[in-house]
Amino acid sequence: METPSRIFLIGPMGAGKSSVARELARRLAWDVGDSDAEVQARTGVDIGFIFEKEGEAGFRLREHAALRALSEHDRIVIATGGGIIVGEENRALMRERGLVLLLDATIETQVKRTRVTAHRPALQVTDREPQLREMYQARAELYQATAHLSIATDGRRVREVADELMRLIEAHANLRPI
Ligand code: S3P
């Protein structure tokens, strides 16, 4: 099987990108990266603190640098933050450097899976549903346009999502973009 040498997981908050990235990396025997974790490792502070001090714009600059650095690696599965696709440069970079997989989720699933919001500055609101809906509506087209392939994760375990993604990756290995 010829696989691309990088896989990027995109999608809304709560779609399971970080857990699925770890599982895919384990199966492929590749490294795993996470844009949020990379921002935190490079700054030594959590994302909430960056939003507080530098606003979303500051975070997006750091997120772009983290994505660029992670995508220098080969044989890596990279989980990205839900807003990564807002940046045109990020969209182009991911499509040029690897296979982009969209993990999609309904608003209902996103609400259920984001109960713990401490590390999610975009969700520090009393009612998460309208906030998640608004972000998803604004981003849905960009997710679709950026992804080479997409799958729904609603009601599915990490293992099941990884099973399907492995099948898709094998079937679409000829998508190899680099
Ligand atoms: C964000 C999603 C978060 C994180 C930041 C902003 C967003 O990542 O990057 O809080 O704008 O959707 P997750 O999708 O991993 O929660």
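Trainee: Is Phe-59 buried or exposed?
Mentor: This is a predicted model. Phe-59 has a relative accessible area of 4%. The cut-off for burial is under 20%. Phe-59 is therefore buried.

Trainee: How are the ring planes of Phe-51 and Phe-59 arranged?
Mentor: The ring centres of Phe-51 and Phe-59 lie 4.9 Å apart. Their planes stand at 35 degrees. Stacked needs under 30 degrees, edge-to-face over 60. So the pair is tilted.

Trainee: What is the centre distance for the rings of Tyr-136 and Tyr-143?
Mentor: Tyr-143 is buried, at 2% relative accessible area. Its ring pairs with that of Tyr-136, with planes at 35 degrees, so this pair is tilted. The centres of the two rings are 6.4 Å apart.

Trainee: Is α3 roughly parallel or roughly antiparallel to α4?
Mentor: The axes of α3 (residues 47-70) and α4 (residues 88-97) come within 11 Å. They cross at roughly 10 degrees. Angles under 35 degrees count as roughly parallel. So α3 is, to α4, roughly parallel.

Trainee: How many residues of the contact of α3 with α4 are charged?
Mentor: From α3 come Glu-63, His-64, Leu-67 and Arg-68. They meet Glu-89, Asn-90, Leu-93, Met-94 and Arg-97 in α4. The contact has 3 nonpolar and 2 polar residues; the charged ones number 4.

Trainee: Which residue just after α1 takes a positive phi?
Mentor: Helix α1 covers residues 17-28 and reaches 16 Å from its first C-alpha to its last. Its buried residues include Leu-24 and Leu-28. Just after α1, phi is about 60 degrees at Ala-29.

How values were computed:
Residues are numbered from 1 along each chain as its sequence is written. This is a predicted model: local features need pLDDT of at least 70, side-chain atom pairs count only at pLDDT 80 or more; totals for chains, interfaces and linings use all residues. Side-chain values use heavy atoms; hydrogens and water are left out. Axes are lines fitted to C-alpha atoms, for helices over the stretch in contact, and angles run from 0 to 180 degrees between N-to-C directions. Helices (H or I, at least four residues) and strands (E, at least two) are DSSP runs, numbered from the N terminus. Angles under 35 degrees count as roughly parallel, over 145 as roughly antiparallel, 65 to 115 as roughly perpendicular and the rest as oblique. Contact means heavy atoms within 4.5 Å. Ala, Val, Leu, Ile, Met, Phe, Trp, Tyr, Cys and Pro count as nonpolar, Asp, Glu, Lys and Arg as charged, and the others, Gly among them, as polar. The expected span of a helix is 1.5 Å times one less than its number of residues. Buried means under 20% relative accessible area, exposed over 50%, partly exposed in between (1.4 Å probe, protein chains only). Rings of Phe, Tyr and Trp (its six-membered ring) pair if their centres lie within 6.5 Å; planes under 30 degrees apart count as stacked, over 60 as edge-to-face and the rest as tilted.
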